[in-house]
Amino acid sequence: MKGRKLLMIPGPIEFEPDVLQAMSIATNSHVAPDFIEIFGKSLELMRAVWKSPKGQPFIISGTGTLAMDMAAANLIELGDRVLVISTGYFGKRFKDILDRYGANTTILEAPIGEVVSLDAIEKELKQGQYKFLTITHVDTSTGILVDPKPIAHLAKKYNVLSILDGVCSVAGEELKQDEWELDVVLTASQKAIGVPPGLALLMASEKAMQVWENRKTPVSNYYADWNNWLPIMRAYEERRPSYFGTPAVNLIVALETSLKIICKEGIDQRVKRHQNLAKSFRAGIASLNLEILPKTNTIAANTLSAVYYPEGINGTSLSATMVESNVIIAGGLLPEIKPSYFRIGHMGSVSSNDLIAVLSALERALIELGHPIESGKSLQAFQNGLLKIN
Ligand code: PMP
């Protein structure tokens, strides 16, 4: 399709044609047997993607922020101590949400481009009487990837529940919720899950559900209260009609389609594809002497890359020039350094073809704007990266 734009921002992403087609079918009743089957199947498939056979899944209309809000509203009681481990903008957002529900939060903020050390986390947990901790798996503002496994392990050691913001990671980065003993893992539809914006998705462990059941005070958010939603999720899984708030019927049909695509590829294979493409893409970026925000490749996300503009390049001009090549990228998000970097999403249906188009458009834009690079260099590095992996 001539002039087709490639949306390479870190969400919403390019969606599979089958997913978009699924959205466009005539809207069904939310209590029709075939829709009940689709909803029930989606809940079951979520367990496979999260690797959480024991988890309680929730599918609610809303964005990723609602999923964060729902975790906080249902689990936090006034004065609960929460350790927020932050690697960017979305870590701070979690603190704001938790504070709204009366949590007593402490935030451990990593310097820009780094992660918080396990030692610093353990030191805090040792003295803190914490009830929860939060981790941002991939902070979309910095492109930093945090390994949740050792942090969840520390959480268990100190009897603290762990909540993972997986909005920019679930179905793109390695995740084993049950094996790693993460208590809540939440995401949104528009990222690596591969469904247009509008669904908040959350998986709660048995322990998290127990903590919620044993609350001494009522949940202060009406819409997000699991008392309203748990019976609905159970009903759909048992293939019974039910109602609390009208579900986003078309989005859920699209969700089932996308989850099936994910499971057909195989979640491990999908994660590997993200890792291989991201690694080769970073090689392409490095070959142009461009620097990424993460200080090392081991903490660089596989779902997006955050890259500093080279000196003398105006960000707005770079994006505008790339749009002329039909490639849409995102600007910076972290307030401290917002004008100095850009972000490229590479998750979900992303292929090597998409990333060749991005690198090609990036090179041409840099050359047009007067930045001295050798044409074709990043494409060669990307290609070599893929050849080495395959
Ligand atoms: N957490 C992370 C890591 C995110 O990337 C985002 C969205 N970019 C959110 C939370 C919030 O999600 P939403 O925009 O869907 O509310």
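These notebook entries record what I looked up in a predicted model.

**Entry 1: domains**

I began with the division of the chain, which gives domain 1 (17-265) and domain 2 (266-389). I noted that their C-alpha centres lie 28 Å apart. For the contact, I listed 30 residues from domain 1 and 29 residues from domain 2.

**Entry 2: the interface**

I then looked up the area buried between domain 1 and domain 2, which is about 2400 Å². Carbon and sulfur atoms give 58% of that area. Turning to polar terms, I found 18 residue pairs in polar contact across this interface, with both residues of each pair at pLDDT 80 or more. I recorded five salt bridges between the two domains. I also noted a salt bridge in which the side chains of Lys92 and Glu336 meet, at 3.5 Å from N to O. On the side of domain 1 that touches domain 2, the elements giving two or more residues are α2, α4 (89-100), β7 (144-145) and α10 (249-265). Of these, I marked α10 as giving the largest share, four residues.

**Entry 3: nonpolar cores**

I looked next at the largest nonpolar core, which holds 102 residues. Trp50, Phe58, Leu186 and Ile193 touch the most other members. Helix α2 (residues 33-50) gives the most to this core, with nine residues. I place the core between domain 1 and domain 2, because both give residues to it.

**Entry 4: salt bridges**

I searched the whole structure and found 16 salt bridges. Lys95 pairs with Asp99, with the closest N and O atoms 2.9 Å apart. I noted that Lys95 and Asp99 both lie in helix α4, four residues apart, about one turn of the helix. Lys95 counts as partly exposed at 22% relative accessibility, and Asp99 is partly exposed at 30%.

Lys176 is partly exposed, with a relative accessible area of 22%; Glu174 is partly exposed at 39%.

For Arg273 and Glu265, I noted a salt bridge with the closest N and O atoms 2.6 Å apart. Glu265 counts as partly exposed at 27% relative accessibility. Finally, I recorded Glu37, Glu44 and Arg239 as linked in a network of salt bridges.

Note on methods
Residues numbered from 1 in each chain as written. Predicted model: local features only at pLDDT ≥ 70, side-chain atom pairs only at ≥ 80, totals over all residues. Heavy atoms only, no water. Core = buried A, V, L, I, M, F, W, Y, C linked by side-chain atoms within 4.5 Å. Buried < 20%, exposed > 50% of the residue type's maximum accessible area, 1.4 Å probe, protein only. Domains from an automatic or database assignment. Contact = heavy atoms within 4.5 Å. Buried area = accessible area lost by both parts, 1.4 Å probe. Salt bridge = Lys/Arg side-chain N within 4 Å of Asp/Glu carboxyl O. Polar contact = N/O pair within 3.5 Å; in protein donor to acceptor, adjacent residues only side chain to side chain.
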